[in-house]
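Please study the structure shown below, and then work through the questions and answers that follow.

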Amino acid sequence: MSTPLVVAISVVAVVLAALGALSTALRRRIGTAHLVTTALLELLLVAQAVVATVALVGGHRPAELATFLAYLVSVVLLPVAGLLWARTEPTRWAGTVLGVAALAVAVMVWRLLDLWEVTRG
Amino acid sequence: MAEDTAQGPGRVLVAVYAVFALAAGARAAVQLAVQFDEAPLAYLLSALAAVVYLAATVGLARGGRGGRRTAVVACSVELLGVLVVGTLSVVDTAAFPDDTVWSGYGRGYGFIPLVLPVLGLLWLRHQAEEAAEQG
């Protein structure tokens with residue numbers, strides 16, 4: 001886990017949540033800006049997962065390894081699930097659905113960082 | 001429409017419920033598998049919370065009469081759970097050494113567990129009224 005990456009992920013996630021809220025406020029469906037931001041978020045999350053996997057293989061052991069792995073896998077899937085579900089919503093609420101997924105990602109990466117830094121012995 | 005409850009604002013509600021089902025489920029699975037002996041009551045409640053969130057998610061996502069009924073039961077159990085467990089965790093801290101989703105009225109999760117069932121029940125009542133109007 002890298003703290004700068006966690007910060008970057010949080011910033012992009014908050015931007016995505018804001019874009020989602022904006023499209024809901026303007027009574028519009030999600031557009032290209034949402035797609036590009038979601039793609040960027042996903043890219044950063046995959047990079048984070050790769051960094052974490054390399055460190056795990058290298059011998060880093062978070063105390064709550066099972067929880068850490070469950071979170072790591074879930075957080076990578078969240079933007080994809082959020083986007084797929086938002087795309088099938090034909091109203092202005094699509095942006096908020098995507099925003100919920102983005103905010104969940106922002107919370108989860110900080111929780112992941114917590115779990116990462118507590119190691120056994 | 002059968003899928004009424006999962007349209008518009010309802011879809012946002014389902015998204016939040018899905019996130020909570022995921023978070024509570026992952027947490028409960030790990031707690032039960034790894035450290036069940038430490039606080040059986042708290043961990044069993046975590047698992048119950050996860051099941052309730054999952055039921056609410058499915059009920060809201062499916063919609064229709066059956067879906068709404070499932071969701072009403074799940075949201076009611078959830079509201080009851082967060083109030084009872086919240087109170088117990090404040091009164092008897094020894095039984096709840098580890099936080100569950102419902103400890104301290106959902107304090108660890110921004111009090112969302114307390115607000116969510118209320119929003120869910122309001123939304124379901126609104127949906128039931130619309131369904132009744134349409135006959």
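Q: Are helix 2 of chain B and helix 3 of chain B roughly parallel or roughly antiparallel to each other?
A: This is a predicted model, in which local features need pLDDT of at least 70, side-chain atom pairs count only at pLDDT 80 or more, and totals for chains, interfaces and linings use all residues. Residues are numbered from 1 along each chain as its sequence is written, chains are lettered from A and ligands numbered from 1 in the order in which they are written, and side-chain values use heavy atoms, with hydrogens and water left out. The axes of helix 2 (residues 40–62) and helix 3 (residues 64–91) of chain B, being lines fitted to C-alpha atoms over the stretch in contact, with angles from 0 to 180 degrees between N-to-C directions, come within 7 Å and cross at roughly 150 degrees. Angles over 145 degrees count as roughly antiparallel and those under 35 as roughly parallel, 65 to 115 being roughly perpendicular and the rest oblique, so the two helices of chain B are roughly antiparallel.

Q: What pattern does chain A follow along the sequence?
A: Helices (H or I, at least four residues) and strands (E, at least two) are DSSP runs, numbered from the N terminus. Chain A has four helices and zero strands, and its pattern is α-α-α-α.

Q: Is A:V7 buried, partly exposed or exposed?
A: A:V7 lies in helix 1 of chain A. Buried means under 20% relative accessible area and exposed over 50%, with partly exposed in between (1.4 Å probe, protein chains only). The relative accessibility of A:V7 is 40%, so this residue counts as partly exposed.
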